[in-house]
Amino acid sequence: MLIVLVVGGVALGIYGYSISGAPSRARLIVSTTTSLYETGFLDELKSKLESRYPAMNVSFISQGTGLAIQTAMRGDADMILVHDPAREYQFLKGGYGVNRKIVAYNFFVIVGPPEDPAGIRGMSSVDALKQIRSAGLEGNVVWVSRGDDSGTHSKEKSLWKVGRFDSAQLRKEAWYLEAGSGMTATLKLANEKCGYTLTDIGTYLLNFNNHNIELVKLVESGKNLLNVYSVIAGNPKNPNMTKANFEGSMQLIRYIVSDEGQGLFENFGVSKYGESLFKPYINLVKSQSDPELIRWIQDSAFFGGSECPQEFRYQAADLYSTQGPTSILLTCLLTGIEGRKAPTWIQLLKE
Amino acid sequence: MRAVDLILSGDPEILSITALSLSISGLGTLLSCVWSIPISAGLALRNFRGKRITKSLFNALIGIPTVALGLFLYLLLSRSGPLGYFQLLYTPWAIMIGQSILVTPIVVSFSTSALESVDPDLRSLARTLGASDLQTYEVIIKEGIWGVTLAVIAAFNRAFAELGVAMMLGGNIRNVTRVLTTAIALETSRGDIALSVALTLILLAITMSLSVVVNLIRRSGP
């Protein structure tokens with residue numbers, strides 16, 4: 001017995017030494033959304049980031065956006081990487097986060113069985129949902145909702161809202177199923193049930209190419225389906241986050257908005273899927289190649305004309321200076337200086 | 001078939017997940033022995049008020065749902081929780097502690113009954129030969145060592161094969177807290193079925209061979 005305990009103690013010591021590592025590396029915990037995680041993007045980000053900053057040790061906790069934000073609010077994560085602007089604003093406003101940066105975007109798609117029994121192919125997203133509901137009420141099709149408070153789930157609820165439906169009421173109807181789990185699990189459920197669902201393009205392509213699902217894209221693109229990813233550092237002044245690794249968070253944010261970090265988004269998935277799964281936002285703004293798309297993103301993910309209003313910034317003036325006055329002027333000229341845009345413009349200049 | 005290839009080719013990812021799983025659950029079980037074995041010795045060899053209730057409490061706790069314990073410890077270890085100061089959440093230590101608590105009732109109940117079944121005459125004999133309390137315990141534990149070993153192995157199996165505590169306290173972080181069960185859950189939800197199957201085969205192989213060992217011990221043991 002004694003021998004066992006001694007051996008155990010020694011092993012414990014060695015193990016403790018090996019996991020804490022001789023020079024202890026600053027640990028950074030990022031709570032994040034399942035879509036970035038399941039596609040494998042974060043593994044790549046981690047390896048690139050750690051090879052650039054050997055002192056860093058990044059851990060990603062994959063949860064839905066809702067849960068990811070809650071984890072950070074309790075102080076169990078140092079920062080968040082999520083896709084739900086409305087809740088991001090609440091997070092900032094509650095004093096939990098600072099220095100938000102929009103980093104990438106793509107589009108949600110509505111997928112369904114190849115035979116498309118509800119006949120939604122090529123419709124606008126809102127019309128498609130209406131069509132699915134009426135076919136569902138007739139008992140022909142089902143809709144599978146994430147039902148897990150994730151960013152995708154929020155988007156789905158907001159789409160129903162645009163179509164003047166209340167998802168809280170819909171969930172009582174028989175054709176409306178709730179998976180309550182991650183995107184891949186939801187896609188597979190929809191696939192088994194020959195149902196329709198809303199998915200981010202990355203997770204969809206991953207599963208389609210793996211032959212996990214036969215569902216096809218039926219409705220894609222359109223302003224309503226825009227999906228915007230942002231990073232937010234935990235607010236070091238929040239009492240829950242006094243132990244948070246603020247410096248590490250800022251290092252990650254600076255890396256992800258750098259040319260190298262943006263290049264990771266640009267190239268990820270291209271060789272496998274023929275397109276990048278997450279499109280770099282900062283590159284888009286820099287190139288000014290698609291002013292309409294930029295405006296869409298700003299309409300759906302800016303707060304009061306800025307990706308991160310002044311009061312939610314902390315020791316990060318350099319993060320927001322990339323958009324110099326010339327590019328602001330250019331944006332204004334391209335978007336047209338309308339009466340309602342003017343305050344935005346002035347605010348941006350002030351910053 | 002790809003699953004078997006993955007195992008045979010010695011995929012480094014699979015190896016590291018398995019090693020991590022074995023060490024976390026193994027050390028968790030050993031940690032639990034530090035307090036569980038003295039508790040069971042006390043329960044088996046001493047008489048005190050509430051002994052029966054304590055024993056049935058440990059018996060009842062054997063089946064504690066892992067998610068319930070996981071949630072409880074999560075709230076405790078969270079940075080905003082009472083033990084937040086130690087920053088243990090999402091580390092292997094958190095899983096180890098969680099599993100050691102999880103298996104405590106198993107070690108206690110099984111070893112208590114093993115020690116109780118040791119011939120009571122042996123105890124009085126030791127006493128009459130002038131053994132102290134501690135020495136008597138030593139004699140009894142030596143006699144019941146097979147039963148205690150059985151309890152420890154059963155406890156390890158439970159820790160090794162559980163998901164709730166590892167997922168909630170570890171967070172399934174690659175190379176840090178990703179153990180067999182959480183990796184299986186992730187890879188299944190991610191759609192990499194071959195890898196899931198490979199990991200499951202390893203999990204089954206280890207738990208089942210341990211069960212075989214347990215049975216052998218039971219048969220050959222005194």
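**A helix pair in chain B**

Mentor: Helix α4 (residues 66–77) of chain B packs against helix α5 (residues 92–116) of chain B at an angle of about 130°, their axes 10 Å apart. Axes are lines fitted to C-alpha atoms, for helices over the stretch in contact, and angles run from 0 to 180 degrees between N-to-C directions. Helices are DSSP runs (H or I, at least four residues), as are strands (E, at least two), numbered from the N terminus. This is a predicted model: local features need pLDDT of at least 70, side-chain atom pairs count only at pLDDT 80 or more, and totals for chains, interfaces and linings use all residues. Residues are numbered from 1 along each chain as its sequence is written, with chains lettered from A and ligands numbered from 1 in the order in which they are written.

α4(B) and α5(B) are therefore oblique to each other; angles under 35 degrees count as roughly parallel, over 145 as roughly antiparallel, 65 to 115 as roughly perpendicular and the rest as oblique. From α4(B), B:Thr66, B:Leu69, B:Gly70, B:Leu73 and B:Leu77 meet B:Ala94, B:Gly98, B:Ile101 and B:Leu102 of α5(B). Contact requires C-beta atoms, placed from the backbone, within 7 Å. By class, this contact has 6 nonpolar, 3 polar and no charged residues. Ala, Val, Leu, Ile, Met, Phe, Trp, Tyr, Cys and Pro count as nonpolar, Asp, Glu, Lys and Arg as charged, and the others, Gly among them, as polar.

Now the chain interface. Here 24 residues of chain A contact 19 residues of chain B. On the chain A side, α1(A) gives the largest share, 5 residues. That side has 9 nonpolar, 10 polar and 5 charged residues. Chain A holds 17 helices and 10 strands.

Conventions: Two residues are in contact if their C-beta atoms, placed from the backbone, lie within 7 Å.
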